[in-house]
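Here's a quick briefing to read with the structure open beside you. Take it one topic at a time and find each residue as you go.

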Amino acid sequence: KNKPITQGPQIKKTEEKIAKYVGSKYAVLVSSCSAGLHVACKAMGVNKKSKVLTSPITFVSTATAALHCGAKIILSDINLNTINLSVEEIEKKIKTKKANVIIPVHFSGLPCDMKKIFSIAKSKKIKIIEDAAHALGARYFSGERVGSCKYSDATVFSFHPVKIIAGGEGGVITTNSKDIYKKMLEYRSHGITKDIKESFKNKKEGYTKNKKNIWYYEMKNLGFHYRQTDIQSALIFSQLKKINKFLNYRKLLAKNYDNFLKKNDLIKP
């Protein structure tokens, strides 16, 4: 029996499994976490007039995703105990430099204080994209899983080999916004839509006797080739079954490090 190699039914199956695991309404698989951050920025209208606040302690993709959209970057300092964005510093920064988007980074998988960051952002109508590359399986202090987007507009995870689950490469964006979800689906695939439920602008070509022409599609936005393959998606799907095993083993390793390091007065685990 023939099986798709690029985008096939496995993509949707894996997206649904991830959304269910983190507790979000939607999930969009992409070629990498970097691609996911870029697509999320585009879907939220980040452009050359935008200012995006993020952490200086992160991988380059967190900032370059916004730079690719023409935005200006505001680097805000960290809390020394967590290596995550300092809530107090965010408040100071947005008083003098009006940000449109905040991208908190859950450094090494430790969640930021998203409840406080969300409270600050909501009062200023600032959108939030969580960089959760290392945080699949983590929970906010309030108990919900990172990726449920309780305190953000979107969350982006990575499936690079050094992350919690290895998909060879790949990433995923979760969101609870149907509008953002639909935009991200378009942006990951050249800005093209083939959705039967969509009302095409060129109805003369799109429909024959009120039925959609199977061969027809429209490019609605300037998008990207950020699709994931069914091969990667199948690997991610199978690895998700083992996520509790992976997380428990990482906790064991961390505990071993803490036990050894606490003997050194110069090191704080």
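Ser-108 sits in the loop that runs between strand 4 (101-103) and helix 5 (114-124). Keep in mind that this is a predicted model. Phi of Ser-108 is near 60°, which is a positive value in a residue other than glycine. That's worth a look, because most residues other than glycine have a negative phi.

**More on positive phi**

- You'll find His-190 in the loop between helix 6 and strand 8.
- Is His-190 buried, partly exposed or exposed? With a relative accessible area of 32%, His-190 is partly exposed.

**Salt bridges**

- How many salt bridges does a search of the whole structure find? The count is 5.
- Side chains of opposite charge can pair when their charged atoms come close.
- One of the bridges joins the side chains of Arg-188 and Glu-15, at 2.9 Å from N to O.
- Arg-188 is in the loop between helix 6 and strand 8 while Glu-15 is in helix 1, so this pair ties together parts that are 173 residues apart in sequence.
- Arg-188 and Glu-15 are both buried.
- Glu-89 and Lys-92 form another salt bridge, with their closest N and O atoms 3.5 Å apart.
- Glu-89 and Lys-92 are 3 residues apart in helix 4, so about one helical turn separates them.
- Glu-89 is partly exposed at 23% relative accessible area, and Lys-92 is exposed at 53%.
- Glu-144 and Lys-150 also meet through their side chains in a salt bridge, 2.8 Å from N to O.
- Glu-144 is partly exposed, with a relative accessible area of 25%, and Lys-150 is partly exposed too, at 41%.

**Helix 6 and what covers it**

- Which residues of helix 6 (residues 178-187) are buried? Ile-180, Tyr-181, Met-184, Glu-186 and Tyr-187 are.
- The cover over those buried residues includes helix 1 (9-22), strand 1 (26-30), helix 2 (33-43), strand 7 (171-175) and strand 8 (192-193).
- Zoom in on strand 1 and you'll find Tyr-26 there.
- Leaving out residues up to four places away in sequence, Tyr-26 touches several residues, including Ala-19, Ile-173, Lys-178 and Tyr-181.
- The C-alpha atoms of Tyr-26 and Ile-164 are separated by 20 Å, and these two residues are 138 residues apart along the chain.

**Patches on the surface**

- Six lysines gather in a patch of positive charge on the surface: Lys-51, Lys-72, Lys-95, Lys-97, Lys-98 and Lys-124.
- Lys-95 belongs to helix 4 (residues 87-96) and is exposed, with a relative accessible area of 69%.
- There's a nonpolar patch on the surface as well, with Tyr-249, Leu-252 and Leu-266 among its residues, and about 740 Å² of accessible area in the whole patch.
- Leu-261, another residue in that nonpolar patch, lies in helix 9 (residues 243-261).
- Leu-261 counts as partly exposed, at 30% relative accessibility.

Terms used. Residues numbered from 1 in each chain as written. Predicted model: local features only at pLDDT ≥ 70, side-chain atom pairs only at ≥ 80, totals over all residues. Heavy atoms only, no water. Patch = residues over 30% accessible without salt bridge, like charges linked within 9 Å, V, L, I, M, F, W, Y side chains within 5 Å. Areas by Shrake-Rupley, 256 points an atom, 1.4 Å probe, with all protein chains shown as cover. Salt bridge = Lys/Arg side-chain N within 4 Å of Asp/Glu carboxyl O. Lys, Arg positive; Asp, Glu negative; His and termini not counted. Charge placed at Lys NZ, Arg CZ, Asp CG, Glu CD. Helix = DSSP H or I, 4+ residues; strand = E, 2+ residues; numbered from the N terminus. Buried < 20%, exposed > 50% of the residue type's maximum accessible area, 1.4 Å probe, protein only. Contact = heavy atoms within 4.5 Å.
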